[in-house]
Amino acid sequence: MDTIRVTDVRCEKGDSSFLIDDGKTAVLYDTGFGFTGFAVAENIRRALGERKLDYIFLTHSHYDHALGSAYIKRVFPSAKVVAGKYASHIFTREGAIKTMRELDGKFAVKCGVTDYRFLGSELKVDIPAEQGDIINAGELTFEVLELPGHTRCSIGFYCPEKKLLLSSETLGVYDGEKTIVPSYLVSISDSLESIKRVKQLEIASVLAPHYGILNAQQTEYFLENMAQASQQTAEDILHSLKQGKSDDEIIGEFKDKFYHGYIREIYPEDAINLNTSIMIELVRKELLNV
């Protein structure tokens, strides 16, 4: 990693956007919200000076990761957007864009932003990617990893030369300490398979969504505990359901365990409530068969 600089170009807590630069080629890992898009672009400009942004890697289609790309492309039009093939389909759906607009606008108001131009209709993918595709970013090579579980379109990127993993929320949202928040919103089993696939790689460093680059100790902890965090959470929810607890009670238990410290700073409460309710339904469907 000594020849790669990773710069945090986020503007708001909850944003997810980091610049990877080897001095010749610049890659943006996720882009954050729409309402912060131009500000993130300005942070990128400060980091690169007169150089251009070459690639934008999107881990999935959620608004807090992908929407900023429409704004950043306005500033860096030659940058190539790489995302999963299914994400490229989602960006063409009016309903998906409408949802992004509502969620982005709602969080913008919480951050004190009430007037900005929504550019969701400009979302596009220049390079639709799938498992095993190779992205040659100058002297850096990234292998595309399909990591479904958080969303159907979730992907990660692995740079074998640097043993660097650009992670996905399917593997969990990490606070850099002892908390890994599971986030399977489409499939528990797919999430566990994705985690298993990642654990087969030789990884020295992880760039984690909503956090940034992990040091050696954090990387080791995350890789060793991400599977257990997801599996244990599913078992805990299953146990609570079998005890007859309500969804609200289970959401409360989930928040008691995970919603503190750094996670509370980056994770809007309405989002964790909604996402946990979706996870409860997945446990019902996949583990209780109801």
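Which residues of α8 are buried? In this predicted model, the buried residues of α8 are Ile250, Ile251, Phe254, Lys255 and Phe258. The legends below begin with that helix.

**Figure 1. Helix α8 and its buried face.** The buried positions of α8 are Ile250, Ile251, Phe254, Lys255 and Phe258. These residues cover an arc of only 140° around the axis, so they sit on the same side of α8. Asp248 and Asp256, on the other side of the helix, are exposed. The elements that cover the buried residues of α8 include β12 (180–181), α7, α9 and α10 (269–287). The end C-alpha atoms of α8 are 16 Å apart, which agrees with the 16 Å that its twelve residues should span at 1.5 Å a residue.

**Figure 2. Packing of α7 against α8.** Two packed helices are described by the angle between their axes and the distance between the axes. Helix α7 (residues 216–242) packs with helix α8 (residues 247–258) at an angle of about 145°, and their axes are 10 Å apart. The crossing of the two helices is right-handed. From α7, the contact is made by Gln232, Thr233, Asp236, Ile237, Ser240 and Leu241. From α8, Ile250, Glu253, Phe254, Lys257 and Phe258 take part. Sorted by class, the contact of α7 with α8 has five nonpolar, three polar and three charged residues. Of the α8 residues in this contact, Ile250, Phe254 and Phe258 are also among the buried residues of that helix.

**Figure 3. From the end of α8 into α9.** His260 is in the loop between α8 and α9. With a relative accessible area of 34%, His260 is partly exposed. Helix α9 (residues 261–266) contains Glu265. Glu265 counts as partly exposed because its relative accessibility is 42%, which lies between the cut-offs of 20% and 50%.

Figure 4. Helix α1 (residues 37–48) has twelve residues, which should span 16 Å at 1.5 Å a residue; the end C-alpha atoms are 16 Å apart, in agreement. Gly37, Val40, Ala41, Ile44 and Leu48 of α1 are buried. Seen down the helix axis, these buried residues fall within an arc of 100°, and therefore they line one face of α1. Among the elements that cover them are β2, β3 and α3 (68–75). Gly49 follows α1 and has a positive phi, near 65°.

**Figure 5. Thr25 in the loop between β2 and β3.** Thr25 is in the loop that joins β2 (18–21) to β3 (26–29). Its relative accessible area is 8%, so Thr25 is buried. Apart from neighbours within four places in sequence, Thr25 is in contact with Ile20, Arg51, Asp54, Tyr55, Ala137, Gly138 and Glu139.

**Figure 6. Thr59 and its surroundings.** Thr59 is placed in the loop between β4 (55–57) and α2 (63–66). A relative accessibility of 0% means that Thr59 counts as buried. When residues up to four places away in sequence are not counted, Thr59 touches Tyr29, Asp30, His65, Cys153, Ser154, Ile155 and Ser167. The C-alpha atoms of Thr59 and Lys98 are separated by 20 Å, and the two residues are 39 residues apart along the chain.

Figure 7. Most residues other than glycine have a negative phi. Asp30 is not a glycine, yet its phi is positive, about 65°. Asp30 lies in the loop between β3 and α1, and with a relative accessible area of 0% this residue is buried. Asp30 is also one of the residues that Thr59 touches. Lys163, another residue other than glycine, has a positive phi near 55°. Lys163 is in the loop between β9 (155–159) and β10 (164–166), where its relative accessible area of 32% makes it partly exposed.

Terms used
Residues are numbered from 1 along each chain as its sequence is written. This is a predicted model: local features need pLDDT of at least 70, side-chain atom pairs count only at pLDDT 80 or more; totals for chains, interfaces and linings use all residues. Side-chain values use heavy atoms; hydrogens and water are left out. Helices (H or I, at least four residues) and strands (E, at least two) are DSSP runs, numbered from the N terminus. Buried means under 20% relative accessible area, exposed over 50%, partly exposed in between (1.4 Å probe, protein chains only). Contact means heavy atoms within 4.5 Å. The expected span of a helix is 1.5 Å times one less than its number of residues. The arc is that of the directions from the helix axis to the C-beta atoms. Axes are lines fitted to C-alpha atoms, for helices over the stretch in contact, and angles run from 0 to 180 degrees between N-to-C directions. A crossing is left-handed if the near helix is turned anticlockwise from the far one by less than a right angle, and right-handed if clockwise. Ala, Val, Leu, Ile, Met, Phe, Trp, Tyr, Cys and Pro count as nonpolar, Asp, Glu, Lys and Arg as charged, and the others, Gly among them, as polar.
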